[in-house]
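Welcome, and thanks for taking a look at this one with me. Below are my notes, written for someone meeting the structure for the first time.

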Amino acid sequence: LQLSPVSTDAYLGLADCFLRRNQVQEAALILRNGLSHVPDNEIRILLTLASLEEAAFRRPSEALRLCNQALLKQPDSVQAQDCVRRNSETVAGPEH
């Protein structure tokens, strides 16, 4: 990260290292830090964070917020659209 602080791949790679060691909180911290350094149109960090919020932290509302941010940046992203749909359904609950 010191060599290339704007590299999305660097943040994702370091977060992956933490995840492989079951250090989910540390991975999320790295990704959140990366959000302010990577190009504005980059959504991979947002979607990775959303995935952590959804699966590891069980916070679908936060996952949905991140998915919506990604969708605003790249409206044609199928991954972002799926993320919004999936988390919207979870937040709405089974009666909807």
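**Notes for a first look**

1. Let us begin with two cysteines: Cys 67 and Cys 83 are both buried. Please keep in mind as you read that this is a predicted model. A disulfide joins Cys 67 to Cys 83, with an S to S distance of 1.7 Å, and a search of the whole structure finds 1 disulfide. Cys 67 sits in helix H4 and Cys 83 in helix H5, so the bond ties together parts that are 16 residues apart in sequence. Another cysteine to find on your screen is Cys 17, which counts as partly exposed because its relative accessibility is 45%.

2. Now for the overall plan. The protein has 5 helices and 0 strands, so you can read the order of elements from the N terminus as α-α-α-α-α. Along its principal axes, the C-alpha trace spans about 50 × 30 × 15 Å. For 96 residues, a compact globule would have a radius of gyration near 12 Å, and the value here is 14 Å, which agrees.

3. Of the 96 residues, 33% are buried. The accessible surface comes to about 6,000 Å², and carbon and sulfur atoms account for 53% of that. If you take the contacts between residues at least 6 apart in sequence, 47% of them join residues at least 24 apart.

4. What lies in the largest nonpolar core? This core has 24 residues, and those with the most contacts inside it are Leu 31, Ile 45, Leu 47, Leu 49, Ala 50 and Ala 70. Helix H1 (8-20), helix H2 (24-35), helix H3 (44-55), H4 and H5 each supply at least two of its residues. The largest share, 6 residues, comes from H3. As general background, nonpolar side chains tend to be buried together in soluble globular proteins.

5. Setting aside neighbours within four places in sequence, Ala 70 is in contact with Ile 43, Leu 46, Leu 47 and Ala 80.

6. Next, please turn to Ser 77. This serine is found in the loop between helix H4 (60-73) and helix H5 (78-92). Is Ser 77 buried or exposed? Its relative accessible area is 11%, under the 20% cut-off, so Ser 77 counts as buried. The side chain of Ser 77 reaches the backbone nitrogen of Ala 80 at 3.1 Å. Not counting residues up to four places away in sequence, Ser 77 also touches Ile 43, Leu 47 and Leu 71. For a sense of scale, Ser 77 and Ala 92 are 15 residues apart in sequence, and their C-alpha atoms are 22 Å apart in space.

7. Finally, have a look at Thr 8 in helix H1. Thr 8 counts as buried because its relative accessibility is 5%. Which residues does Thr 8 touch, not counting those up to four places away in sequence? They are Val 38, Pro 39, Glu 42, Arg 44 and Ile 45. With one of these, Glu 42, the side chain of Thr 8 makes a polar contact of 3.5 Å. Thr 8 and Gly 34 are 26 residues apart along the chain, and a distance of 7.3 Å separates their C-alpha atoms.

Conventions
Residues numbered from 1 in each chain as written. Predicted model: local features only at pLDDT ≥ 70, side-chain atom pairs only at ≥ 80, totals over all residues. Heavy atoms only, no water. Helix = DSSP H or I, 4+ residues; strand = E, 2+ residues; numbered from the N terminus. Buried < 20%, exposed > 50% of the residue type's maximum accessible area, 1.4 Å probe, protein only. Polar contact = N/O pair within 3.5 Å; in protein donor to acceptor, adjacent residues only side chain to side chain. Contact = heavy atoms within 4.5 Å. Core = buried A, V, L, I, M, F, W, Y, C linked by side-chain atoms within 4.5 Å. Rg over C-alpha atoms; globule rule 2.2 N^0.38 Å. Areas by Shrake-Rupley, 256 points an atom, 1.4 Å probe, with all protein chains shown as cover. Disulfide = S-S within 2.5 Å.
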